[in-house]
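Student: I have a new structure open and I'd like to learn how to read it. Can you walk me through it?

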Amino acid sequence: MNKLVSIYPGTFDPVTNGHLDVIERASGLFEKVIVTIAVNQNKKPMFSESERKDMLINVTSHLKNVEVDFFEGLLVKYAEEKKAGVIIRGLRAISDFEYEFQMSLTNRKLNPEINTVFLMPHEKYSYLNSSLVRELASFNANVKEFLPEYVLKKLEEKFKQ
Ligand code: COA
């Protein structure tokens with residue numbers, strides 16, 4: 001396992017400024033960051049996998065050590081395939097803690113060589129999540145502050161369809 005290679009998993013439906021903040025912090029800490037989209041048959045995302053990938057590639061294009069990928073199945077197995085020693089997760093508020101704590105310990109049980117590193121996004125994004133942004137946008141509310149410009153454009157297009 002390479003301790004300088006990290007993976008940042010999530011649904012990214014769509015990627016928000018909060019996610020981007022975490023990605024930028026991770027990019028400054030690790031040699032390589034693989035942002036990986038979870039393909040989850042139980043979630044019904046608004047954006048397809050390829051749309052989410054396109055948005056992630058676009059908003060991280062200024063970060064040369066960031067790659068975008070997909071994964072399906074067990075996260076630890078994916079990390080092993082990529083030889084990544086670190087899983088990145090964002091911690092926004094205390095409410096994230098219990099779920100993240102459980103995931104982190106379970107993943108460590110599955111592979112003790114893989115550690116989870118928690119990064120705190122800027123406090124101005126601490127209450128943000130993708131469903132909130134999607135809901136606001138569906139009511140035509142202003143979500144400019146929460147999203148990278150490219151994502152904002154894609155979200156607007158989605159609601160025009
Ligand atoms: N800024 C803004 N929003 C953020 C955020 C940040 N920094 N960090 C998380 N969020 C939001 C997301 O937008 C998402 O919002 P939504 O639910 O409204 O769509 C929510 O928080 C959940 O975060 P996300 O990072 O997408 O995680 P998830 O819970 O969907 O995904 C996986 C978790 C994919 C990492 C986990 O389910 C997994 O590992 N699955 C693979 C199967 C596996 O290995 N299971 C065993 C795990 S122990």
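Tutor: Let's start with polar contacts: a polar contact is a pair of N or O atoms within 3.5 Å. Keep in mind that this is a predicted model.

Student: Okay, which atom of Leu128 lies 3.1 Å from a nitrogen atom of the ligand?

Tutor: That's a backbone N or O atom of Leu128. For Arg89, an N or O atom in the side chain is 3.2 Å from a ligand oxygen. On its own, the ligand has 940 Å² of accessible area, and the protein covers 81% of that.

Student: Where does the ligand sit?

Tutor: In the largest pocket.

Student: And how many residues surround the ligand?

Tutor: Here a residue counts if one of its heavy atoms lies within 4 Å. By that rule 24 residues surround the ligand, and the closest are Thr11, Leu75, Tyr99, Ser130 and Ser131. Sorted by class, the shell has ten nonpolar, eleven polar and three charged residues.

Student: Which helices and strands supply at least two residues of that shell?

Tutor: Strand E1 (2-10) does, along with helices H1 (17-29), H4 (94-110) and H5 (130-138). H4 gives the largest share, with four residues.

Student: Let's move on to charges. How should I think about salt bridges?

Tutor: Side chains of opposite charge can pair when their charged atoms come close. A search of the whole structure turns up eight salt bridges. One of them joins the side chains of Asp69 and Lys82, at 3.6 Å from N to O.

Student: Which parts does the pair of Asp69 and Lys82 tie together?

Tutor: Asp69 is in strand E3 (residues 66-71) and Lys82 is in helix H3 (residues 75-82), so their pairing ties together parts that are 13 residues apart in sequence.

Student: What about the backbone? What should I look for there?

Tutor: Most residues other than glycine have a negative phi, and most peptide bonds are trans. Now look at the loop between E1 and H1, where you'll find Phe12. The phi of Phe12 is near 50°, a positive value in a residue that isn't glycine.

Student: Is the peptide bond from Asp13 to Pro14 cis or trans?

Tutor: The bond from Asp13 to Pro14 is cis, with omega near 0°. Pro14 also has its place in the loop between E1 and H1.

Technical notes
Residues numbered from 1 in each chain as written. Predicted model: local features only at pLDDT ≥ 70, side-chain atom pairs only at ≥ 80, totals over all residues. Heavy atoms only, no water. Polar contact = N/O pair within 3.5 Å; in protein donor to acceptor, adjacent residues only side chain to side chain. Areas by Shrake-Rupley, 256 points an atom, 1.4 Å probe, with all protein chains shown as cover. 1 Å grid on protein atoms, 1.4 Å probe; cavity = no way out; pocket = protein on both sides within 12 Å on 5 of 7 lines; lining within 4 Å. Sits in = over half its atoms within 2 Å of the grid points. Nonpolar A, V, L, I, M, F, W, Y, C, P; charged D, E, K, R; others polar. Salt bridge = Lys/Arg side-chain N within 4 Å of Asp/Glu carboxyl O.
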